[in-house]
Amino acid sequence: MERTARRRRVRIEHLVWAVMLYCGVVAAMWPKRTYDIWWHLATGKYIVQTRTIPDEDPFTYTRTGRPWITHEWGWEVPMYLLYARWGHAGLMALRAMVALVASGLLAWLLLRRGAAPLAAMAAGALAIFAARPLLNDRPQMATTALFVAMLCVIEHSRQGRHRWLLAAPLLMIPWVNLHGGFIFGPALLVLYALCTLPQWYRQRREGRPLQPAPALLIGVIVASLPACLVNPHGVAGAAYPLQYVIGGHAWHKTIITEYESPDFSEPIFLFLGLLIVAAAVAFAASRRRAGLWDVALVGVFLFLTLKWQRNTALFAFAVAPVVALQLSELLEWRGLAELGRGESQQPPAGLYVAIMAILSILAIAAAPNALSRVERAFAADMPGECVDHIQRTGLQGRMFNTYRWGGYLIWRLWPQQRVFVDGRADVMGQELIEDYCTAVKLREGWRDVVEAYDFDWALLAADSPLCRGLELLPEWSLECESETSRLYVRSSAPETPTEQ
């Protein structure tokens, strides 16, 4: 009888896994236009071809030789190799693979915490789609998976398997070479230690051994810090994320959308809003008392995601197990927590298999449509026609370019041409970005910027105010135009080679 119940429980747990994996793949496959993809690809190509990891900028003429912490090389190399072999299909496969890891770990976490299957599926699916804006081709996606992995390590410890904490420093080694979000690894461990202090106090008063052992937990935190030094740039690479918070790169939070609060009037944040509401309702209606760890996770990451929308995925995956537990309490109150587990309610095993098969077919069937939409999404706002003209005519001289196209121009034109500016705001520096904004927005002094940088041609978005400015200057003429872009050339620009 016990063996039969165990088999039935495993079956419904498998359904939870199937739903989580399906949601992860579908959310990751859906097309998202990310302009930084192109300079990431160019960096991966540079590393593969030169067999070196750059420590200074090779892509711009305005910042040539400027120090560059190439901290995401571990993502950029496989990204380039997959794109070189299969194009956007390769990138979609990479996204899907990482999403499978993240959603699979989330499914394990939900079930390990003891959430009812229905609650686990509801909270998990909502969290995955809330995280969808960050499930894209950028290295930030790797942080999502490793963040959940660290939560799983901590959950092992919370349930008495404290030796799992020894895996934490090992997680930091790949993480520090994939994305600057590795700083959340030690931060989670420190938060866990702080939340354990009251437990240690109670254990000491009762004369019991302190669990987890303070020496183990503190030792793991300390060991995680030198693990961050295992990167090509050493201390500079390990300290890189701090530059965005309190260091020399903190200024660029004022110009990058990801450092703004989420705008809940935008459809992309619909699921995030629903997740926040669901968390509030579950906490208010459930009779279950949340532990200090759960409260800390929700409070810290809710604050971080409302401050900076780039933390949306971290909040979603951190809060999902907490919401699932609160929902489980509500389901138990309504007598639904054991739905699908009881003897009389147990559906046939074939039903679970059929649902899993349908989810697999739907995920596979969605791939071609998602891939075609990716191609269209990127083509919709790229200066492809003008770049083709530049390559065809061999246009010479120094360029001025729209910021968001910098990576694309590096991918298409480097090393024959170096760009004026690209999406690596930390490399570009505040002075260059301010000069760029002065020019493209026709602020006072825009002509001084044009003269100071002495560029020979400009590739601009069709709606850029600088288009009107250059048309007022007699030495500038329109060379090529498309629906999205305009190419202007100065009369004194170096002559293009004569076509044979």
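Begin by selecting Gly 207, which follows helix 8 and has a positive phi, near 75 degrees; helices here are DSSP runs of H or I with at least four residues, and strands are runs of E with at least two, numbered from the N terminus. This is a predicted model, in which local features need pLDDT of at least 70 and side-chain atom pairs count only at pLDDT 80 or more, while totals for chains, interfaces and linings use all residues. Residues are numbered from 1 along each chain as its sequence is written, and side-chain values use heavy atoms, with hydrogens and water left out.

Next, select helix 8 itself, residues 184–205, whose 22 residues should span 32 Å at 1.5 Å a residue, in agreement with its end C-alpha atoms, which are 32 Å apart; the expected span is 1.5 Å times one less than the number of residues. Within helix 8, centre on Leu 197, where a kink of about 35 degrees lies shortly before Pro 198, the bend being the angle between axes fitted to the seven residues ending at a residue and the seven starting there. The buried residues of helix 8 include Phe 184, Leu 188, Tyr 192, Trp 200 and Gln 203, where buried means under 20% relative accessible area, exposed over 50%, and partly exposed in between, with a 1.4 Å probe and protein chains only.

Move on to the loop between helix 8 and helix 9 (214–227), where Pro 212 is found; a cis peptide bond joins Gln 211 and Pro 212, with omega about -10 degrees. Another cis peptide bond, with omega about 10 degrees, joins Trp 414 and Pro 415, and Pro 415 lies in the loop between helix 16 (406–413) and helix 17 (425–428).

Now display helix 6 (residues 140–158) with helix 7 (residues 167–176), whose axes come within 10 Å and cross at roughly 175 degrees. That makes helix 6 roughly antiparallel to helix 7, a term for angles over 145 degrees. Among the residues that meet are Leu 146, Phe 147 and Met 150 in helix 6, and Leu 171, Met 172 and Trp 175 in helix 7, contact meaning heavy atoms within 4.5 Å.

Finish with two residues other than glycine. Arg 51, in the loop between helix 2 (37–50) and helix 3 (73–86), has a positive phi of about 60 degrees and counts as exposed at 76% relative accessibility. Asp 454, in the loop between helix 19 (446–453) and strand 2 (457–461), has a positive phi near 50 degrees and counts as partly exposed at 36% relative accessibility.

Note on methods: Axes fitted to C-alpha atoms, helices over the stretch in contact; angles between N-to-C directions. Parallel < 35°, antiparallel > 145°, perpendicular 65-115°, else oblique.
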